[in-house]
Amino acid sequence: MAWRGNLSRNLKELRVLFCQTSPASAQTREFVQKNYKDLKTLNPRFPILIRECSGVEPQLWARYDMGVEKGVDLEGLTEPQITKMLEELVKGGAAAKV
């Protein structure tokens, strides 16, 4: 789980989008509740943006250097699968710097 401390090194911004009430966003809401504090503690100055909007599909967006963005759809994923998707986005940012 060392990748959690590398958010600010490999990404410029992380955005989590989800609906406050829809069942499709339930696992994303759980992910935010369980992981936000830990991620923010490890990356205190890194922007982690939580965007709640009625009816929106759950998504995770990562912004890298030079304004490059990559988004993934989180609908139907469990909280551990969402964690894995975030890890892949963070590692993708490290690979892009090489």
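Which residues does UniProt list for "domain: Ribosomal protein/NADH dehydrogenase"? The UniProt record, an unreviewed entry, gives residues 20-93; UniProt positions are stated in the numbering used here, feature names are shortened, and annotations may be inferred rather than shown by experiment.

Before selecting anything, note that this is a predicted model, in which local features need pLDDT of at least 70, side-chain atom pairs count only at pLDDT 80 or more, and totals for chains, interfaces and linings use all residues. Residues are numbered from 1 along each chain as its sequence is written, and side-chain values use heavy atoms, with hydrogens and water left out.

**Stop 1: the annotated span.** Select residues 20-93. Its end C-alpha atoms are 29 Å apart, and the span is 43% helix and 20% strand. Helices (H or I, at least four residues) and strands (E, at least two) are DSSP runs, numbered from the N terminus.

**Stop 2: the sheet.** Next, show the strands. Four of them make an open sheet with mixed pairing, in the order β2-β1-β3-β4; two strands pair if DSSP finds at least two bridges between them. The edges are β2 (48-52) and β4 (69-73); each has a single partner strand, so one side of each is left without a neighbour in the sheet. From one strand to the next, the twist averages 15°.

Axes here are lines fitted to C-alpha atoms, for helices over the stretch in contact, and angles run from 0 to 180 degrees between N-to-C directions.

Stop 3: Select strand β3 (residues 59-63) together with β4: the two pair in the antiparallel sense over five bridges. Leu 60 is opposite Val 72 in β4, and Trp 61 is opposite Gly 71 in β4. Five residues lie between the two strands of this hairpin, and Met 66 in the turn has a positive phi of about 60°.

**Stop 4: strand β1.** Go to Glu 13, in strand β1 (residues 13-18). Is Glu 13 buried or exposed? Glu 13 is buried, because its relative accessible area is 13%; buried means under 20% relative accessible area, exposed over 50%, and partly exposed in between (1.4 Å probe, protein chains only). The side chains of Glu 13 and Arg 15 are joined by a polar contact of 2.5 Å. A polar contact is a pair of N or O atoms within 3.5 Å; within protein, one must be able to donate a hydrogen and the other to accept it, and residues adjacent in sequence count only if both atoms are side-chain atoms. Not counting residues up to four places away in sequence, Glu 13 touches residues including Phe 46, Leu 49 and Trp 61; contact means heavy atoms within 4.5 Å.

Val 16 is also in strand β1 and is buried, at 2% relative accessible area. Leaving aside neighbours within four places in sequence, the contacts of Val 16 include Thr 28, Val 32, Ile 50 and Leu 60.

**Stop 5: the cysteines.** Cys 19 is buried at 2% relative accessibility, whereas Cys 53 is partly exposed at 43%.
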